[in-house]
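Open the model in your viewer and keep the selection panel at hand. This tour goes stop by stop.

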Number of protein chains: 2
Amino acid sequence: MPRTVAERADALPALGEAFREHGFEGASLARIGERTGLGKGSLYHFFPGGKEEMAAAVLAEIDAWFEANVFMPLREDADAARAIARMFKAVDDYFRSGRRVCLIGALALNDSRDLFARRIRGYFAEWTEALADALVRAGHNRRRAHALAEETLAAIQGALVLARAMHDPAVFQRALARCKRRLLSD
Amino acid sequence: MPRTVAERADALPALGEAFREHGFEGASLARIGERTGLGKGSLYHFFPGGKEEMAAAVLAEIDAWFEANVFMPLREDADAARAIARMFKAVDDYFRSGRRVCLIGALALNDSRDLFARRIRGYFAEWTEALADALVRAGHNRRRAHALAEETLAAIQGALVLARAMHDPAVFQRALARCKRRLLSD
DNA sequence: GACGGTCTTTACCGATCGGTACACTCTGGG
DNA sequence: CCCAGAGTGTACCGATCGGTAAAGACCGTC
């Protein structure tokens, strides 16, 4: 039979959407197969570890994306304000202006939290640290920078929940604007 | 055989915890049976509609609790500041200072969101409206009151996600303190 | 002390679950 | 041209899924 995907990485986006929509337990292999267009044979060829390896691969990809597009700039850009502005832009893009949900946040809430606990915690810890670093370079003391970073991350995650609950992406956009103003205006 | 529960309402707390831990799809009847101490027969006697009716009953109970302990005081207490302070106390109690997750928020994120969409949206909409009402009575204009209410709810939901992800309830407590200060200090 | 309604237990149903096995089709390299 | 290995479709496994049926145990009432 002809190959349709060829690279395991090509399946990750569809895989991610499947887990986003149904959660880890709710994403059955049948649904995953539909979403990705891959049969069980192919899925288990690329991910011999089964669903758990699929989810782990998706989480790793998300982690890498944020590392490259968000955390690294926050830590290393000489212009801290620019790095923070870029973070908001990247976040708005990634979450499709509030129409997309945070898979890592969703996994943190229910079931599978223990399976991926380390990665989930690492993601948020790294983000908090990186943003706090930038805020220190922007002139805040460490204590205040850390509080602001934590507040910002919570506001983003909460806005994603609310936007989804209300079926209103504007909730997310307003929240992003508020956070941006708070971090960049003083 | 002797009755162990007698009232369907007696099973709701355990039912709620089961859904909180595993989500709607992840909470199998076997796990629900363990948690509640009820066999399938009893469960289907109390909830002929199956899992969906169980979850709906839990959501209704949560709704009623917030209506009585949070929304109503926010709308009707003559002392708006006192009502808001009570809201934070009630929220801290309800979410066990960050050790418990918001079932409604968790359901909003994945799978079953469509099944309970109306109730989920209603819960957050009512909360936002009630808090905005209190803020208006506390001296803010409607526009600002609504923005503050939305920001506060998002901060609470996001803090629950973060606290769970980091395994650190203190994240939630710090967020509550920040919100309280922001709403009550001016 | 028989009775009717309220629970509970138990056995069972078809469907689907995650996962395995294997034969098969391709493709690129020699 | 052939062959090894990558990728795929299909059939199948035991376990578990949500849900049903019915018989039995308990209770208050008369």
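## Stop 1: Leu148(B)

Select Leu148(B): it has 20 C-beta neighbours inside 10 Å, so it counts as buried. Keep in mind that this model is predicted. Leu148(B) sits in helix α8 of chain B.

Now show what surrounds Leu148(B). Setting aside residues up to four places away in sequence, Leu148(B) touches Leu135(B), His140(B) and Leu183(B). Leu148(B) and Cys179(B) are 31 residues apart along the chain, yet their C-alpha atoms are separated by 9.4 Å.

## Stop 2: a helix pair in chain B

Next, select residues 80-94 of chain B, helix α5, and residues 170-184 of chain B, helix α9. Their axes come within 11 Å and cross at roughly 175°. Angles over 145 degrees count as roughly antiparallel, so α5(B) and α9(B) are roughly antiparallel to each other.

Show the side chains where they meet. From α5(B), pick Ala81(B), Ile84(B), Ala85(B), Phe88(B), Val91(B) and Asp92(B). From α9(B), pick Leu176(B), Lys180(B), Leu183(B) and Leu184(B). This contact has 8 nonpolar residues, no polar ones and 2 charged. Leu183(B) is also one of the residues that Leu148(B) touches.

## Stop 3: the nonpolar core

Zoom out to both chains. The largest nonpolar core holds 123 residues. Which of them touch the most other members? Select Leu131(A), Ala159(A), Leu162(A) and Ala175(A), then Ala159(B), Leu162(B) and Ala175(B). Helix α8 of chain B, residues 142-166, gives the largest share of this core, 14 residues. In soluble globular proteins, nonpolar side chains tend to be buried together.

Centre on Ala175(A). Leaving aside neighbours within four places in sequence, Ala175(A) is in contact with Ala155(A), Ile156(A) and Ala159(A), and also with Glu151(B) and Ala154(B).

## Stop 4: where the chains touch

Colour by chain. The contact takes 36 residues from chain A and 36 residues from chain B. On the chain A side, α1 (12-26), α6 (103-109), α7 (117-137), α8 (142-166) and α9 (170-184) each supply at least two residues. The largest share of that side, 14 residues, comes from α8(A). By type, that side divides into 18 nonpolar, 8 polar and 10 charged residues.

## Stop 5: the axis

How is chain A laid on chain B? A turn of 180° and a shift of 0.0 Å along the axis do it, with an RMSD of 0.0 Å. That is the relation of a two-fold axis. Finish at Gly158(A): in chain A, its C-alpha is the nearest to the axis, 1.8 Å from it. The same surface serves both copies, and 100% of the contact residues of chain A recur in chain B.

Note on methods:
Residues numbered from 1 in each chain as written. Chains lettered and ligands numbered in written order. Predicted model: local features only at pLDDT ≥ 70, side-chain atom pairs only at ≥ 80, totals over all residues. Axes fitted to C-alpha atoms, helices over the stretch in contact; angles between N-to-C directions. Helix = DSSP H or I, 4+ residues; strand = E, 2+ residues; numbered from the N terminus. Parallel < 35°, antiparallel > 145°, perpendicular 65-115°, else oblique. Contact = placed C-beta atoms within 7 Å. Nonpolar A, V, L, I, M, F, W, Y, C, P; charged D, E, K, R; others polar. Core = buried A, V, L, I, M, F, W, Y, C linked by C-beta atoms within 7 Å. Buried ≥ 20, exposed ≤ 12 C-beta atoms within 10 Å, placed from the backbone. Least-squares fit on C-alpha atoms with pLDDT ≥ 70 in both.
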